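Trainee: I have a model open and want to learn the terms used for it. Can we go through them one at a time?

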Amino acid sequence: MVISTAPQILALDFDGVICNGLLEYFQTAKSTYIQVWTEHASDFLDNFADSFYRLRPVIKTGWEMPILLRALVLGLEEDKIQYDWSNLCKRILELDNLNKQNIIIKLDEVRDDYIYSDLEGWLKLHRFYPGVIKTISKIIKSSTLLYIITTKEGRFVQQLLEKQGVELPKNSILGKEIKQPKYETLRQLIQYHNQIPNQLWFVEDLLKTLYQVQQQPDLKEVKLFLANWGFNTPENHNLAQNSYGINLLSLGQFNDNYSSWLS
Ligand SMILES: [Mg+2]
């Protein structure tokens with residue numbers, strides 16, 4: 001007898017689970033940086049690309065990206081940035097008398113400009129993780145309902161997927177525009193589909209987001225997975241493995257059948 005372990009609903013994060021947007025992050029960080037600190041050219045900043053990619057997991061929200069680049073230009077050590085990022089980030093803002101809100105606005109402008117002036121170029125800065133497109137296509141054809149819950153604008157996610165030949169209805173992509181925490185969206189999905197929480201599986205690369213789901217008493221039974229191929233650290237992996245109710249997932253498992261996700 002085959003016992004099916006497939007979830008009724010599968011919710012996936014986008015950046016760091018389906019798509020690797022590192023090139024776009026760096027491009028946007030650079031263009032924003034140049035507007036804030038005018039003494040360096042874009043070419044010079046390219047020297048810091050590799051360190052920036054390595055340190056990407058320290059970033060919690062987009063506006064910190066140009067600040068991370070600044071930290072590297074100032075010569076701060078990667079180790080220090082790794083362990084003390086929120087303090088260092090605050091200090092860099094103070095040092096140059098910068099306002100977080102201004103940086104958020106600048107960064108959004110940079111991104112919007114890029115998208116409107118060169119949409120094709122912008123889309124090309126996004127890479128999909130190996131095997132993921134095939135897996136998603138398979139899931140769409142299965143009885144499991146697939147949702148993407150992301151902090152990116154939903155329409156961009158839809159365009160990126162379309163370019164890969166993946167057609168997902170607009171209402172299956174829940175993006176930045178819905179303006180609510182991910183756990184709230186998960187809760188609504190369960191209610192909307194009249195499911196019990198353990199029929200919803202959620203894959204995310206930010207451990208903090210999984211912890212927030214766990215803190216919701218009515219969502220305790222949701223099956224949570226930390227995508228170890230995304231923007232997180234070995235330390236995060238250890239924490240996930242030692243957290244009751246959080247499963248550490250590899251890309252190999254993700255691309256395999258559901259029973260291997262829980263093994
Ligand atoms: Mg993510």
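**Terms and values**

Mentor: Start with helix α4, whose buried residues are Glu64, Met65, Pro66, Ile67, Leu68, Leu69, Arg70, Ala71, Leu72 and Val73. This is a predicted model: local features need pLDDT of at least 70, side-chain atom pairs count only at pLDDT 80 or more, and totals for chains, interfaces and linings use all residues. Residues are numbered from 1 along each chain as its sequence is written, and side-chain values use heavy atoms, with hydrogens and water left out.

Trainee: What makes α4 a helix, and why is α4 called mostly covered?

Mentor: Helices are DSSP runs of H or I with at least four residues; strands are E runs of at least two; both are numbered from the N terminus. α4 spans residues 64-73, and ten of its ten residues are buried. Buried means under 20% relative accessible area, exposed over 50%, and partly exposed in between (1.4 Å probe, protein chains only).

Trainee: Why is glutamine 159 called partly exposed?

Mentor: Its relative accessibility is 27%, so glutamine 159 counts as partly exposed. Glutamine 159 sits in helix α9 (residues 154-163). Leaving aside neighbours within four places in sequence, glutamine 159 contacts Leu119 and Leu123. Contact means heavy atoms within 4.5 Å.

Trainee: Why are α4 and α5 called roughly perpendicular?

Mentor: They pack at an angle of about 100°, with axes 10 Å apart. Axes are lines fitted to C-alpha atoms, for helices over the stretch in contact, and angles run from 0 to 180 degrees between N-to-C directions. Under 35 degrees is roughly parallel, over 145 roughly antiparallel, 65 to 115 roughly perpendicular, and the rest oblique. Therefore α4 and α5 are roughly perpendicular.

Trainee: Which classes of residue make the contact of α4 with α5?

Mentor: Nine nonpolar, no polar and two charged residues. Ala, Val, Leu, Ile, Met, Phe, Trp, Tyr, Cys and Pro count as nonpolar; Asp, Glu, Lys and Arg as charged; the others, Gly among them, as polar.

Trainee: How do you know which residues are donors of the magnesium ion?

Mentor: Donors are N, O and S atoms within 2.8 Å of the metal (3.2 Å for Na, K and Ca); water is not among the atoms, so sites may look incomplete. Asp13 (OD), Asp15 (O) and Asp205 (OD) lie 2.1 to 2.2 Å from the magnesium ion. So these are its protein donors.

Trainee: Are aspartate 13 and aspartate 205 buried or exposed?

Mentor: Aspartate 13 has 4% relative accessibility, so it counts as buried. Aspartate 205 is buried too, at 5%.
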